[in-house]
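User: I've got a model open and would like to go through it with you. Can we take it one question at a time?

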Amino acid sequence: MGLKSDDLFLMIKNYLSTGEGKPNVQKVGGVFQIDILDKKGGKLQKTWTIDFKNGDGSCKEGGDKSANATFVVGDSDFFDICSGKLNPQMAFVQGKMKIKGSMPLATKFTPQLFPKPTPENFAKYAKAKL
């Protein structure tokens, strides 16, 4: 069974590959690793790297030793954060998300960096499979 966030990462990957995220690369200047757990405090399911530091930005499955900040978060919580249903600061305070690395840079990682996960945006950026 796939994770709820799989389609979200595919959308982010395709969005960044269009070059539309380049202004955010200039604003953020960091590499983020996201460790997706099956649930809060659960088992690691997948690791993704979102690069808002180099070129037009990129998103790939797998970790990156050069990540400036790492988020450890449950699958549905990450989806809710990106959907705007869960405030990232509240997720952190409530223990739904853990952050390792640069806190100032971590605060720059917001859902506004990429399209909202709506059916229209999933369709628009669903060009390729992972």
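User: What covers the buried residues of α3?

Analyst: Bear in mind that this is a predicted model. In α3, 7 of the 9 residues are buried, so the helix is largely enclosed by the rest of the structure. The buried ones are Asp75, Asp77, Phe78, Phe79, Ile81, Cys82 and Ser83. What covers them includes α1, β1, β4, α4, β5 (97-101) and α6 (119-124).

User: Which residue just after α3 takes a positive phi?

Analyst: Look just past the end of that helix, where the phi comes to about 85°. The residue there is Gly84.

User: Is Ile12 buried or exposed, and which residues does it contact beyond its neighbours within four places in sequence?

Analyst: Ile12 is found in helix α1. Its relative accessible area is 0%, so Ile12 is buried. As for chain distance, Ile12 and Lys124 are 112 residues apart in sequence and 11 Å apart in space, C-alpha to C-alpha. Beyond the neighbours within four places, Ile12 contacts Ile50, Cys59 and Phe114.

User: How many disulfides are there?

Analyst: A disulfide needs two cysteine sulfur atoms within 2.5 Å. For Cys59, the nearest cysteine sulfur is that of Cys82, 10 Å away, so by that cut-off Cys59 is in no disulfide. Both are buried, Cys59 at 5% relative accessibility and Cys82 at 2%. The count is 0.

User: How far apart in sequence are the parts tied together by the salt bridge between Lys46 and Asp6?

Analyst: The closest N and O atoms of this pair are 3.1 Å apart. Lys46 is partly exposed at 22% relative accessible area, whereas Asp6 is buried at 12%. Because Lys46 lies in strand β2 and Asp6 in helix α1, the parts they tie together are separated in sequence by 40 residues.

User: And which residue does Lys22 meet in a salt bridge?

Analyst: The count comes to 2 salt bridges, and in this one the N to O distance is 3.6 Å. Lys22 lies in helix α2 and its partner in the loop between β2 and β3 (58-61), so parts that are 34 residues apart in sequence are tied together. Lys22 is partly exposed at 35%, and the residue it meets is Asp56.

User: Which residues form a nonpolar patch on the surface?

Analyst: One member, Phe92, sits in helix α4 (residues 88-93) and is partly exposed, with a relative accessible area of 36%. Together the members have about 280 Å² of accessible area. They are Phe92, Val93 and Met103.

User: What separation do the C-alpha atoms of Gly41 and Val72 have?

Analyst: Gly41 lies in the loop between β1 and β2 and is exposed, at 71% relative accessible area. Along the chain, Gly41 and Val72 are 31 residues apart. Their C-alpha atoms are separated by 9.0 Å.

Terms used: Residues numbered from 1 in each chain as written. Predicted model: local features only at pLDDT ≥ 70, side-chain atom pairs only at ≥ 80, totals over all residues. Heavy atoms only, no water. Patch = residues over 30% accessible without salt bridge, like charges linked within 9 Å, V, L, I, M, F, W, Y side chains within 5 Å. Areas by Shrake-Rupley, 256 points an atom, 1.4 Å probe, with all protein chains shown as cover. Salt bridge = Lys/Arg side-chain N within 4 Å of Asp/Glu carboxyl O. Helix = DSSP H or I, 4+ residues; strand = E, 2+ residues; numbered from the N terminus. Buried < 20%, exposed > 50% of the residue type's maximum accessible area, 1.4 Å probe, protein only. Contact = heavy atoms within 4.5 Å.
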